[in-house]
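Subject: A structure for you to look at

Hi,

Here is the structure I promised to pass on to you. Please open it beside this email and follow along as you read.

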Amino acid sequence: MRKVHLSLASEYDNIDLVDSVTEACLRFAGFDETLTEHMTLAIREAAANAIKHGNRQQPEKIAEVVFEIDDETITVHIRDQGEGFEVEEVPDPLAPENILKGAGRGIFLMRQLMDEVSFAFDGGTHVTMRKERPVAGDQDEAGEEE
């Protein structure tokens, strides 16, 4: 297993660094361009939530991003030092009353673009996202799994 670990000051500009490292890790892991774009968006959302909502952009608080790459999957852990939140209380962005509201869209995207997304609250928020590598021949021309 390969592991890449980032420890970042909670400054919004560091999200661009997360994007660059994410793209490099996903290409190394063999994901195609379309899946790389999708997964980068999901990971960006989680990192932005950690920095903006979890750590409230306080530079002394650290956001951690860890990529674990093995033969079949990539697992990404994102941790902050915030107070956590109730996942069940995040509004459904598809509900008619929430269509014009921004809350909940990041978590929705993470869940749509990754195979698994889980949350734990252990002295901060710990988001774990996992994506299996597609087997050769299991993607159509747009990069979508068949």
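Below is what I found in it, going from the overall layout to single residues.

**The overall layout**

Please keep in mind that this is a predicted model. The chain has three helices and five strands. If you start at the N terminus and walk along, the elements come in the order β-α-α-β-β-α-β-β. There are 146 residues in the chain, and 40% of them are buried. The chain exposes about 8400 Å², and carbon and sulfur atoms supply 46% of that area. Now look at the contacts between residues at least 6 apart in sequence: 62% of these join residues at least 24 apart.

**The core**

In soluble globular proteins, nonpolar side chains tend to be buried together. Here, the largest nonpolar core has 33 residues. Which of its residues touch the most other members? They are Val65, Phe67, Ile74, Ile78 and Met129.

Several elements each supply at least two residues of this core: strands E1 (2–9), E2 (62–69), E3 (73–79) and E5 (125–132), together with helices H1 (14–28), H2 (33–54) and H3 (105–113). H2 gives the most, with nine residues.

Setting aside neighbours within four places in sequence, methionine 129 is in contact with Ala42, Ile43, Ala46, Ile74, Thr75, Val76, Ile78, Met110, Met114, Glu116 and Val117.

**One side of H3**

Next, find helix H3. Its buried residues include Gly106, Ile107, Met110 and Leu113. These residues cover an arc of only 140° around the axis, so they lie on the same side of H3. What covers the buried residues of H3? The cover includes H2, E4 and E5.

**Salt bridges**

Side chains of opposite charge can pair when their charged atoms come close. How many salt bridges does a search of the whole structure find? It finds six, and three of them are worth a look, starting with this one.

- Aspartate 16 and arginine 44 form a salt bridge, with their closest N and O atoms 3.7 Å apart. The pair links distant parts of the chain, as aspartate 16 is in helix H1 and arginine 44 is in helix H2, 28 residues apart. Aspartate 16 is partly exposed, at 47% relative accessible area, and arginine 44 is partly exposed as well, at 28%.
- Aspartate 115 and lysine 131 meet through their side chains in a salt bridge, at 3.6 Å from N to O. Aspartate 115 sits in the loop between H3 and strand E4 (116–121) and lysine 131 in strand E5, so this pair ties together parts that are 16 residues apart in sequence. Aspartate 115 is partly exposed, at 37% relative accessibility, whereas lysine 131 is buried, at 8%.
- Arginine 130 and glutamate 116 also meet in a salt bridge, at 3.6 Å from N to O. Here arginine 130 is in strand E5 and glutamate 116 is in strand E4, 14 residues apart. Glutamate 116 is partly exposed, with a relative accessible area of 43%.

There is a network too: salt bridges with shared partners join Asp16, Asp19 and Arg44.

**The loop between H2 and E2**

Finally, go to asparagine 55, in the loop between H2 and E2. Is asparagine 55 buried or exposed? Asparagine 55 counts as buried, because its relative accessibility is 0% and the cut-off for buried is under 20%. A polar atom of its side chain lies 2.7 Å from the backbone nitrogen of glutamine 81. Beyond its neighbours within four places in sequence, asparagine 55 is in contact with Ser10, Ala50, Lys61, Ile62, Ala63, Asp80, Gln81 and Gly82.

Most residues other than glycine have a negative phi. Arginine 56, in the loop between H2 and E2, has a positive phi, near 50°. Glutamine 57, which lies in the loop between H2 and E2, has a positive phi near 55°. Arginine 56 is exposed, at 58% relative accessibility, while glutamine 57 is partly exposed, at 39%.

Enjoy exploring!

Best wishes

Conventions. Residues numbered from 1 in each chain as written. Predicted model: local features only at pLDDT ≥ 70, side-chain atom pairs only at ≥ 80, totals over all residues. Heavy atoms only, no water. Core = buried A, V, L, I, M, F, W, Y, C linked by side-chain atoms within 4.5 Å. Buried < 20%, exposed > 50% of the residue type's maximum accessible area, 1.4 Å probe, protein only. Helix = DSSP H or I, 4+ residues; strand = E, 2+ residues; numbered from the N terminus. Contact = heavy atoms within 4.5 Å. Salt bridge = Lys/Arg side-chain N within 4 Å of Asp/Glu carboxyl O. Polar contact = N/O pair within 3.5 Å; in protein donor to acceptor, adjacent residues only side chain to side chain. Arc of directions from axis to C-beta. Areas by Shrake-Rupley, 256 points an atom, 1.4 Å probe, with all protein chains shown as cover.
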